[in-house]
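User: I have a model open and want to go through it piece by piece. Can we start with the charged contacts?

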Amino acid sequence: MKAFVVEKYGKDGVRAADVPEPAVGDRDVLVRVSAASINPLDKMVRNGEFKQLLKYKRPFVLGHDVAGVVTRVGSAVRGFEVGDEVYARPRDLRVGGFAEFIAIDADDVAPKPASLTLQEAAAVPLVALTAWQILVERAHVKPGQKVLVHAGAGGLGSTVIQLAKHLGATVATTANPRNEELVRSLGADLVVDYSKEDFSKVLSGYDLVLDSVGGANLEKSLTVLKPGGLAVSVVGPPDAGFAKQLGAPAVLGLVMNTLSRKIRKRAKALGVRYEFFFMQANGSQLRKLGALYDSGKLRPVIDSTFPFDQTLEAMAYVEQGRTKAGKVVVSMAPDND
């Protein structure tokens, strides 16, 4: 089958290749890929940023989001049949959406939301699971709480705004002025034009900040939290909890804590908390999220669609910051609708 594989770590490490179709285990479903989408995590894995923790055996197929049609079902799988339309964020060490077929653990798979096309569904799993796991599982967002979402027009930000609003939060976001109408339509109550305003000068008393920018932006985010508030970053620096989540040796946990010592110390001095977040595959959560898409509570935001043979161009498009809003999708459909 045709696939895009990481042959070596680094910017030029991905190439198109013909590889064997994946083996299908007892607990797997084999999916013919209809569409995939590009995530910042693809670049990070390609560059080897997590190679001490995620020990992929190269060459391996890249791609963390997928939607498609089940073509084979493992002997121990219940609830899926050949012909089912599904979507998934395959678990770490088993990713591979940039290919014609992928074998996925059935626990990571869910029926595609009926209201979405396969191309739309491919834009959903990673960002929707991230939003759910941060807002619902980690921060326990309640009605009336205040949530700040950075980069609200992005794939993750646009999803977090909608889910936070659904949970009853007051939502602020940073955005380019050209995207103000979009983020307000998604539910943002307050929009800060990051090109003209310093969000830390105009916002205060927030329960949660979700940071996808890092650096100075993360440090300033701590200052808008109320006492006991939580800043969660998806770009780092990582902490010991990340190493523990991936089952890494204790020594790597110490290394991670060293990397995040400065920001954790700053948070403690301000009476707030900092945590790094790395999402996990979860098919049952995707079922709950699918219901929210079908009820109209959530909707995907898609910037553009590339044909499958232009997967490398799609990755470059995202990496160069050319995305105006939402996700970039790679489609197997010849007309790219």
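User: What does Arg91 form a salt bridge with?
Analyst: This is a predicted model. In it, Arg91 forms a salt bridge with Asp108, and the closest N and O atoms are 2.8 Å apart. Arg91 sits in the loop between β6 and β7 and Asp108 in the loop between β7 and β8 (109–111), so the pair ties together parts that are 17 residues apart in sequence.

User: Is Asp108 buried or exposed?
Analyst: Asp108 is buried, with a relative accessible area of 1%. Arg91 counts as partly exposed, at 31% relative accessibility.

User: Which residues are linked with Arg91 and Asp108 in a network?
Analyst: Asp105 is; Arg91, Asp105 and Asp108 are linked in a network of salt bridges.

User: How many salt bridges are there in the whole structure?
Analyst: A search of the whole structure finds 16. One of them joins the side chains of Asp28 and Arg94, at 2.9 Å from N to O. That pair links distant parts of the chain, with Asp28 in strand β3 (residues 28–37) and Arg94 in the loop between β6 (85–88) and β7 (101–105), 66 residues apart.

User: And how covered are Asp28 and Arg94?
Analyst: Asp28 is buried at a relative accessible area of 6%. Arg94 is partly exposed at 29%.

User: Where is Lys220 in the chain, and where is Asp198?
Analyst: The side chains of Lys220 and Asp198 meet in a salt bridge, 3.2 Å from N to O. Lys220 is in helix α7 (residues 216–222) and Asp198 in the loop between β11 (190–193) and α6 (199–202), so far as sequence goes 22 residues apart. Lys220 is partly exposed, with a relative accessible area of 31%, and Asp198 is partly exposed too, with 24%.

User: Switching to backbone. Which peptide bonds are cis?
Analyst: Those from Arg58 to Pro59, with omega near -5 degrees, and from Gly236 to Pro237, with omega near 10 degrees, are cis. Pro59 lies in the loop between α1 (40–46) and β4 (60–61). Pro237 is in the loop between β13 (225–233) and α8 (240–245).

User: What about positive phi in residues other than glycine?
Analyst: Most residues other than glycine have a negative phi. Leu93 has a positive phi of about 75 degrees although it is not a glycine, and His140 has a phi near 50 degrees. Leu93 is found in the loop between β6 and β7. His140 is in the loop between α3 (125–138) and β9 (146–149).

User: How accessible are Leu93 and His140?
Analyst: Leu93 counts as partly exposed at 47% relative accessibility. His140 counts as partly exposed at 44%.

User: Now α4. What should its 12 residues span?
Analyst: At 1.5 Å a residue, helix α4 (residues 155–166) should span 16 Å, and its end C-alpha atoms are 17 Å apart, which agrees.

User: How many residues of α4 are buried?
Analyst: 10 of the 12 are buried, so α4 is largely enclosed by the rest of the structure. Among the buried residues are Gly155, Val160, Ile161 and Gln162. Just after α4, Gly168 takes a positive phi of about 95 degrees.

User: Which residues make the nonpolar surface patch?
Analyst: Val251, Val255 and Leu259 make a patch of about 260 Å². Val255 is in helix α9 (residues 250–259) and counts as partly exposed, at 40% relative accessibility.

User: And Thr305, where is that?
Analyst: Thr305 lies in strand β15 (residues 302–307). The C-alpha atoms of Thr305 and Val328 are separated by 5.8 Å, and the two residues are 23 residues apart along the chain. Thr305 counts as partly exposed, at 29% relative accessibility.

User: Zooming out, how many helices and strands are in the protein chain?
Analyst: There are 12 helices and 16 strands. The C-alpha trace spans about 55 × 45 × 35 Å along its principal axes, and 53% of the 337 residues count as buried.

User: What radius of gyration would a compact globule with 337 residues have?
Analyst: It would be near 20 Å; the protein chain has 19 Å, which agrees.

User: Last one: what does the UniProt annotation cover?
Analyst: The unreviewed UniProt entry has the annotation "domain: Enoyl reductase (ER)" over residues 10–330. That span is 32% helix and 25% strand, and its end C-alpha atoms lie 21 Å apart.

Notes
Residues numbered from 1 in each chain as written. Predicted model: local features only at pLDDT ≥ 70, side-chain atom pairs only at ≥ 80, totals over all residues. Heavy atoms only, no water. Helix = DSSP H or I, 4+ residues; strand = E, 2+ residues; numbered from the N terminus. Expected span 1.5 Å × (residues − 1). Buried < 20%, exposed > 50% of the residue type's maximum accessible area, 1.4 Å probe, protein only. UniProt positions renumbered as here; feature names shortened; annotations may be inferred. Patch = residues over 30% accessible without salt bridge, like charges linked within 9 Å, V, L, I, M, F, W, Y side chains within 5 Å. Areas by Shrake-Rupley, 256 points an atom, 1.4 Å probe, with all protein chains shown as cover. Salt bridge = Lys/Arg side-chain N within 4 Å of Asp/Glu carboxyl O. Rg over C-alpha atoms; globule rule 2.2 N^0.38 Å.
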